[in-house]
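Hi everyone, thanks for coming.

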Amino acid sequence: MTILDSIILGVIEGLTEFLPISSTGHLILVSHLLGLEQTIAHKTFEISIQLGSILAVLFLFSQRLLANKNLWLKIAVAFLPTAIFGFLFYKTIKGLFGIETVAVMLILGGIVFLIIEYFRRDHDESSDKTVDELTIKESLMIGLFQTFSMIPGTSRSGATMIGGLFSGLSRKSAAEFSFLLAIPTMFAATAYDLFKNRHELVVDDYSLLAVGFTTAFVVAFITVKAMMKFLTTHTFVGFGIYRIVVGVVFWFFA
């Protein structure tokens, strides 16, 4: 891996982690296009740079989290299903990783977004809930939706945003809660993955890791802010179409 490769992968991680298009799927595809094998060292790199994305979200929402203790409770409740399922089915989930699975889930997720937006075409978002109005029960439901994201290609952001819409949140609020829920979810998943493989994982070059980590942080910071602004005037239709197109591309690489 070169410095340019680490920058490219950092950009892909930071850009796709918080968009409903599957960061895992894109990292697999881009690594394939760059001619990078999924070695232990490479997987370590991909896992580690996710921490840069987590740090960006924590930095952006730090004041909101410090000022609202009830919000932490909602996030904790929403995180619980994924924590349980992830712990119980870790090996099964790892066995699902592959381009074929990613392709299918990208396409299916894209279709779901298009269906949802079709039925919301005349919907007035001014009547929707904000994150502060979300109940504990609704938070749990969003958490249950997040468990589907353990299947590669589903997209954690996509699953939680869909769950948010079904819970009565506006698009912007659904995205906001999705970003907040990413903090414990991504941190736990990354830490657990690194711990489980601590005796096998290696890093060939810490300078490459530092470049990828920093790139992921900067790009994720910009992406989250842009996404929040984008959803005040746009729908998820574009993401749905994009998922289907990329899913077809994945299928040809399978």
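Let me begin with a term: a helix here is a DSSP run of H or I with at least four residues, and helices are numbered from the N terminus. Keep in mind, too, that this is a predicted model.

With that in hand, find Leu 60, which sits in helix α3. Is Leu 60 buried or exposed, or something in between? Its relative accessibility is 27%, so Leu 60 counts as partly exposed. Now look for Lys 225: along the sequence, 165 residues separate Leu 60 from Lys 225, yet their C-alpha atoms are 8.4 Å apart in space. Setting aside neighbours within four places in sequence, Leu 60 is in contact with Phe 221, Val 224 and Lys 225.

Next, a pair of helices. Helix α1, residues 3-16, packs with helix α11, residues 206-230, at an angle of about 30°, and their axes are 7 Å apart. Angles under 35 degrees count as roughly parallel, so α1 and α11 are roughly parallel to each other. Their crossing is right-handed. On the α1 side, the residues that meet α11 include Ile 3, Ile 7 and Val 11, and among their counterparts in α11 are Leu 208, Val 211 and Thr 215. Sorted by class, this contact has nine nonpolar, six polar and one charged residues.

In soluble globular proteins, nonpolar side chains tend to be buried together. Here, the largest nonpolar core has 37 residues, and Phe 18, Phe 177, Phe 179, Met 227 and Phe 236 have the most contacts inside it. Several elements give two or more residues to this core, including α3, α5 and α7. Which element gives the most? That is α10, with nine residues.

Click on Met 227 if you like: beyond its neighbours within four places in sequence, Met 227 is in contact with Leu 19, Pro 20, Met 161, Phe 179, Phe 236 and Phe 239. Apart from this core lies another, of nine residues, and Ile 12, Val 30, Leu 209 and Ala 216 are among them.

Terms used:
Residues numbered from 1 in each chain as written. Predicted model: local features only at pLDDT ≥ 70, side-chain atom pairs only at ≥ 80, totals over all residues. Heavy atoms only, no water. Axes fitted to C-alpha atoms, helices over the stretch in contact; angles between N-to-C directions. Parallel < 35°, antiparallel > 145°, perpendicular 65-115°, else oblique. Left-handed = near helix turned anticlockwise from the far one by under 90°. Contact = heavy atoms within 4.5 Å. Nonpolar A, V, L, I, M, F, W, Y, C, P; charged D, E, K, R; others polar. Core = buried A, V, L, I, M, F, W, Y, C linked by side-chain atoms within 4.5 Å. Buried < 20%, exposed > 50% of the residue type's maximum accessible area, 1.4 Å probe, protein only.
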